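I would like the cut-offs stated along the way.

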Amino acid sequence: MVYKAVGKEDPAPHYGPVVHLVAIADSPTGPFNKYPDPVFTHGKDRFPAEDPYIWYQDGKYRAIVKCMRNQGKNRIAFLAHYDSNNGIHWKEAKYFKISDPSLTWEDGRKQDFAHLERPQVLIENGKPIALMCASDTKDENNVLHSFNVQIPLVVTK
């Protein structure tokens with residue numbers, strides 16, 4: 001199990017840092033053995049990732065997460081891919097950065113989103129065939145309009 005925890009090093013109401021940790025049990029009801037090292041981390045970022053989707057394929061655990069990075073005073077977000085041989089220790093996958101918060105539609109039109117997050121992978125016959133995400137755009141009145149996107153996948157090794 002990968003779970004999110006919030007430290008109390010920073011003051012209320014936000015606290016922090018926000019981290020993901022691993023706990024393993026022989027049964028879904030526990031007892032769980034917690035591992036102390038955070039996963040999906042990046043430097044000193046206080047909230048480096050969220051929404052991990054994890055699956056097992058081709059002898060490895062794989063995860064897609066929404067990554068968040070501080071660049072000066074700006075915070076950027078993108079979807080990223082991690083690999084693990086044991087589900088405990090995770091590293092950036094060979095093709096780490098999957099997508100910024102934009103898509104290019106079949107007609108060639110590029111669309112930027114306010115958010116592209118909560119990744120899920122649709123698996124058919126043991127192979128990923130689509131990446132599904134929650135998304136939203138802002139209209140001319142700065143109102144968010146939410147929807148889901150399904151992105152067909154072509155998996156190469």
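Tyr 82 stands opposite Glu 92 in E7. Strand E6 covers residues 74-84, and its pairing with E7 is antiparallel, over four bridges. Strands here are DSSP runs of E with at least two residues, numbered from the N terminus, and two strands pair if DSSP finds at least two bridges between them.

This is a predicted model, in which local features need pLDDT of at least 70 and side-chain atom pairs count only at pLDDT 80 or more, while totals for chains, interfaces and linings use all residues. Residues are numbered from 1 along each chain as its sequence is written, and side-chain values use heavy atoms, with hydrogens and water left out.

E6 and E7 belong to an open sheet of four strands in the order E4-E5-E6-E7, with antiparallel pairing. Its edge strands are E4 (49-57) and E7 (91-99), each of which pairs on one side only. From one strand to the next, the twist averages 30°; axes are lines fitted to C-alpha atoms, and angles run from 0 to 180 degrees between N-to-C directions.

Next come the charged side chains. A salt bridge is a side-chain nitrogen of Lys or Arg within 4 Å of a carboxyl oxygen of Asp or Glu, and this rule gives a count of nine. One of them joins Asp 10 to Arg 46, with the closest N and O atoms 2.8 Å apart. Asp 10 lies in the loop between strand E1 (2-6) and strand E2 (18-24), and Arg 46 in the loop between strand E3 (33-34) and E4, so the pair ties together parts that are 36 residues apart in sequence. Glu 9 is linked with Asp 10 and Arg 46 in a network of salt bridges.

For accessibility, buried means under 20% relative accessible area, exposed over 50%, and partly exposed in between, using a 1.4 Å probe and protein chains only. Asp 10 counts as partly exposed at 25%, and Arg 46 counts as partly exposed at 33%.

Arg 109 is partly exposed, with a relative accessible area of 44%, whereas Asp 107 counts as exposed at 60%.
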